[in-house]
Amino acid sequence: MTELFRGVGVALVTLFADDGAVDAGATGKLAAELAERGMRTILVAGTTGEATTLADAERVALIEAVRGAVPAGVPVIAGTGAPSTRQAVALTRDAVAAGADAVLAWPPAASRDQGEYFKAVAEAAQDRPVLAYHFPRVYPPGVPVDLLASLPVAGQKDSSGDPERLLDELAHYSGATYAGSSSVLAMAGPMGATGALLALANIEPEGCVAAFAGDLAAQRALADRHLATSRGGVLALKQLLAEDRGLPFPARIG
C-alpha cells in the first residue's frame with residue numbers, strides 16, 4: 001500500500017458558532033489556509049476536533065466541507081475511533097461516503113482482539129487506508145508496537161510523545177509512522193518518521209514543518225505553545241488561536 005502522505009499535517013480544530021453549532025464552512029476555510037501554509041494532510045473529527053461532542057451528521061458536514069475546500073492532492077483523514085466496533089464501523093462508512101481519503105481509529109478499551117477490530121474498520125473503509133491511533137493517555141490501552149505489523153493498517157499515529165516508543169517504532173515497524181506530539185518532531189523527522197499529524201499545526205504550521213525537518217531552534221521555539229496545549233488541551237489551543245486572530249473560538253469541551 002502506498003503511503004498516504006509524507007511530511008506534516010494538521011489535526012484540525014472544529015470551529016463553532018457562538019450558539020455552539022458546528023461552522024463547517026469556517027472549518028473548511030481554515031483547512032484551506034493551512035494547506036496553503038504547507039500542511040500535507042488534514043485530519044477532521046479527531047481528538048483536537050472535539051470528535052466526542054459531534055453528532056454523526058456534524059461529522060459528515062465537516063468532512064464534506066473540508067474535502068471541498070482543500071486541493072485534491074491534500075488527503076482528508078477522518079477520525080472514526082469509537083467505544084465499540086459497531087460504532088467505529090458506522091462512522092467509517094459515513095466518512096468514506098462523505099469523501100474521506102483515509103480514516104484514523106483508536107482501539108476501544110473493551111476490545112479483546114485489536115486484530116478483529118481493525119479488520120472490521122478496514123472492511124468498512126473499503127479501499128481507503130486505515131491508520132491506527134496510539135494515544136493511551138486518552139484512549140487506553142493504546143496499540144503495542146509488536147502488534148502493528150499484524151494489523152490491516154497502513155500505518156499509525158503515535159500521540160504518546162514517548163521518545164522510547166518512537167525509537168521502537170522506527171526500528172521495528174515497517175509501516176508509516178506519524179508523530180502525533182509536537183514534542184518529538186526534531187527527533188522523528190531526521191530519524192525517518194513518515195510524517196506528523198499535529199494539533200499545534202493549527203497555530204504553528206511553519207514551525208512544525210521546520211522542526212520536523214530537523215531544525216532544533218524551531219523545535220525549541222515551539223516549546224511554550226506545545227506545553228500550553230499539551231497541558232490545557234483543546235481549550236488552550238483555541239485560546240491561542242483566538243489571541244493570534246483577535247477572534248473568539250468557542251469550544252464544546254470544558
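Okay, quick one before we start: when I say salt bridge, I mean a side-chain nitrogen of Lys or Arg within 4 Å of a carboxyl oxygen of Asp or Glu. Keep in mind that what you have on screen is a predicted model.

So, salt bridges. With that rule the count is twelve.

Now look at Glu 50 and Lys 238. This salt bridge has its closest N and O atoms 2.8 Å apart. Glu 50 is in the loop between β2 (42-44) and α2 (56-69), while Lys 238 sits in helix α10 (residues 223-245), so the bridge ties together parts that are 188 residues apart in sequence. Both Glu 50 and Lys 238 are buried. There's another buried pair, Asp 158 and Arg 165, with an N to O distance of 3.7 Å.

On to the rings. Searching the whole structure turns up six aromatic pairs. One of them is Phe 5 with Tyr 178, stacked at 4.4 Å centre to centre with 10° between the planes. Phe 5 is in the segment before β1 (7-11) and Tyr 178 is in strand β7 (residues 176-179), so here we have parts 173 residues apart in sequence being tied together. Both Phe 5 and Tyr 178 are buried.

Then there's Trp 106 with Tyr 139: ring centres 4.2 Å apart and planes at 0°, so that pair is stacked. Trp 106 comes from the loop between β4 (102-105) and α4 (114-124), and Tyr 139 from the loop between β5 (130-134) and α5 (145-148), which puts the partners 33 residues apart. Buried or exposed, Trp 106? Buried, at 14% relative accessible area. Tyr 139 is at 11%, so Tyr 139 is buried as well. These two also belong to an aromatic cluster, along with Tyr 133 and Phe 135.

Last stop, the surface. Asp 146, Asp 162, Glu 164 and Asp 168 form a negative patch there. Take Glu 164, which is in helix α6 (residues 163-172). Why does Glu 164 count as exposed? Because its relative accessibility is 64%, and the cut-off for exposed is over 50%.

That's my tour. Over to you.

Note on methods. Residues are numbered from 1 along each chain as its sequence is written. This is a predicted model: local features need pLDDT of at least 70, side-chain atom pairs count only at pLDDT 80 or more; totals for chains, interfaces and linings use all residues. Side-chain values use heavy atoms; hydrogens and water are left out. Patches are made of residues with over 30% relative accessible area and no salt bridge: like charges are joined within 9 Å, nonpolar side chains (Val, Leu, Ile, Met, Phe, Trp, Tyr) within 5 Å. Accessible areas come from the Shrake-Rupley method with a 1.4 Å probe; for residues, only the protein chains shown count as cover. Lys and Arg count as positive and Asp and Glu as negative; His and the chain ends are not counted. The place of a charge is taken as NZ of Lys, CZ of Arg, CG of Asp or CD of Glu. Helices (H or I, at least four residues) and strands (E, at least two) are DSSP runs, numbered from the N terminus. Buried means under 20% relative accessible area, exposed over 50%, partly exposed in between (1.4 Å probe, protein chains only). Rings of Phe, Tyr and Trp (its six-membered ring) pair if their centres lie within 6.5 Å; planes under 30 degrees apart count as stacked, over 60 as edge-to-face and the rest as tilted.
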